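Biologist: Could you take me through this model, one topic at a time?

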Amino acid sequence: MADNLLEQTRILHEEVEHMERVIVKDLKRDFKTHKEKLLQGHRVKRRLNAMQEASKKLVKIYDDEDGSRKEEISALANKENPFSVFYERLRDIKDYHRRFVSADVTEAENDEHLIKEEPQVPFTGEEGMGRYLDLHEHFQAFCNAKFGKKQEYYEYVGSLGSHLTSIPRSAKSTGAYRDYAHSLLEYLSSFYTRTQPLATLQKQMAKTEDAATQQFQAGTLPGWEEQGPVAGVQSMLTDGEGLDLTAFDSAEELETAGAERLKEALQGLGLKCGGTLKQRAERLWLTRTTPLDQLDKKLFAFGLGPSSGADAANNALGIDPAVAAKSKALAVAVMEAKITKLLELLVNVLSDTQGRIEKRQAQTYEELMAEQEEAVDEAGAAGEEASDNEDDFIYNPLKLPLGWDGKPIPYWLYKLHGLNQEFKCEICGNFSYWGRRAYEKHFKEYRHQNGMRALGIPNNKWFFEVTSIGDANALWTDIQAKQKGGFKAETDEEFEDAQGNVYNKRTYMDLKKQGLL
């Protein structure tokens, strides 16, 4: 029955209309839990993909590049013997329904199995069905990388995105940084696609890439605007680790960079990296005045030659090294812009992830194990509905602190402890403390002690509740002056009135001026 193009066209149109009806029925259902909404989005996305595939086939049929559709239509208009064509079609329809008895077009549509379908969406246990980010792998890579730094996981998640702009431009030319940025971009894109299946991420990324390219060319892209794109190209033209040889005047001065630094630079150029510090410096110094393709082959590592260097390869292909370096810098800048855009789209998930980390830090071992068991049960029970209390979004517009159960504390308790009162400490770097108890407690904590140590002032009871740097310095100066001793006329010189009362000089002169003596 579906051997002719007209019947295939009818079947494809019917399939598109059927998918539309299923999508409408699915979207009419009101889901409350996060998991149900997520699965609904993936079901709709699957139907839309099926509609697109069917529509592509229809477009191909209507284009009729081989003319088969036109021939079939003209065959129907057989004026000589129209009944033969009619009965031939009727015979094909009867034969089709004889072979496929279950295909009863008179039955009402039953799409319950399609609406209740649960697509398999891959999430890790840490991601919690798309409610949180799992950045442990990237956190370890950042901490272990030379361009990164040691910090806590909570700090890394809080500074995600902004930490890219703090990395030196010379470090961004390394392959390790490009791999890190690419891995982070791939994960964020995958997570956004899994959690927002109906969003048009490709269009947003294309717009972000165009905008970033224009800003890069103009030298106004954040993180690349300090010296314009030329500075980024120049840093890319240096060796693999960003060592600028133009900053040194001789090979002896180059030795001050250290043996490990020189080894990394030589490896980036494909040169031998062994020998003493002096030999490494002399070998690297040759690359300042001599192109790589003109160096002796003995200077290169085993299996590498002059043509293995990036500049030599570009020269062999007729590519300007400056153009190649600029393209690399642009690729890195575009990746950073895409990461920033994705983090803006996932700002709520990022905030929830920080709250989850903070909550876990306050949990005991038994509570953590119980939570993991609940997560495993939720992931394994594909056909069971999760509890509304577990999946409901916590409404917390006042940003109240979380209690032991992970929910905001009551507002009356919040007011009772005075957590709505903000106390700022200039010595702690204008850090805010909420509540009188936290404010008084912070004077013995490390942040305040470190600030007092930086001022050169001892942190003792004399400076309790002193939060201003000026007040602390003035008090410390006064204390030091008293401890030194010495005679002060205003306070140490004594005067006696006619009645025998003794006053210091300042008090006596004030009373005398007022006519009280």
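Modeller: Let us begin with Glu 7, which is buried because its relative accessible area is 13%. Buried means under 20% relative accessible area, exposed means over 50%, and partly exposed lies in between (1.4 Å probe, protein chains only). This is a predicted model, in which local features need pLDDT of at least 70 and side-chain atom pairs count only at pLDDT 80 or more, while totals for chains, interfaces and linings use all residues. Residues are numbered from 1 along each chain as its sequence is written, and side-chain values use heavy atoms, leaving out hydrogens and water.

Biologist: Where is Glu 7 found?

Modeller: Glu 7 is in helix α1. Helices (H or I, at least four residues) and strands (E, at least two) are DSSP runs, numbered from the N terminus.

Biologist: And what does the side chain of Glu 7 make a polar contact with?

Modeller: The partner is the side chain of Arg 10, at 2.7 Å. A polar contact is a pair of N or O atoms within 3.5 Å; within protein, one must be able to donate a hydrogen and the other to accept it, and residues adjacent in sequence count only if both atoms are side-chain atoms.

Biologist: Which residues are linked with Glu 7 in a network of salt bridges?

Modeller: Arg 10 and Glu 14 are linked with Glu 7 in that network. A salt bridge is a side-chain nitrogen of Lys or Arg within 4 Å of a carboxyl oxygen of Asp or Glu. Between Arg 10 and Glu 14, the closest N and O atoms are 3.1 Å apart. These two residues are separated by about one helical turn, because they are 4 residues apart in helix α1 (residues 5–28). Arg 10 counts as partly exposed because its relative accessibility is 40%, and Glu 14 is likewise partly exposed at 42%.

Biologist: How many salt bridges does the structure hold?

Modeller: The structure holds 9. One of them joins the side chains of Arg 194 and Glu 127 (3.1 Å, N to O). Arg 194 lies in helix α9 (residues 175–195) and Glu 127 in the loop between α5 (112–115) and α6 (136–144), so the pair ties together parts that are 67 residues apart in sequence.

Biologist: Are Arg 194 and Glu 127 buried or exposed?

Modeller: Both Arg 194 and Glu 127 are buried. Another salt bridge pairs Arg 436 with Glu 465, with the closest N and O atoms 2.4 Å apart. It links distant parts of the chain, as Arg 436 is in helix α21 (residues 436–441) and Glu 465 in the loop between α22 (446–455) and α23 (469–484), 29 residues apart.

Biologist: New topic: which residues touch the most other members in the largest nonpolar core?

Modeller: Among the 47 residues of that core, they are Leu 133, Leu 135, Phe 147, Tyr 156, Leu 188 and Ile 339. A nonpolar core is a set of buried Ala, Val, Leu, Ile, Met, Phe, Trp, Tyr and Cys residues joined through side-chain atoms within 4.5 Å. A second, separate core has 15 residues, including Phe 248 and Leu 266.

Biologist: Finally, is Phe 83 buried or exposed?

Modeller: Phe 83 counts as exposed because its relative accessibility is 57%. Phe 83 lies in helix α4 (residues 82–99).
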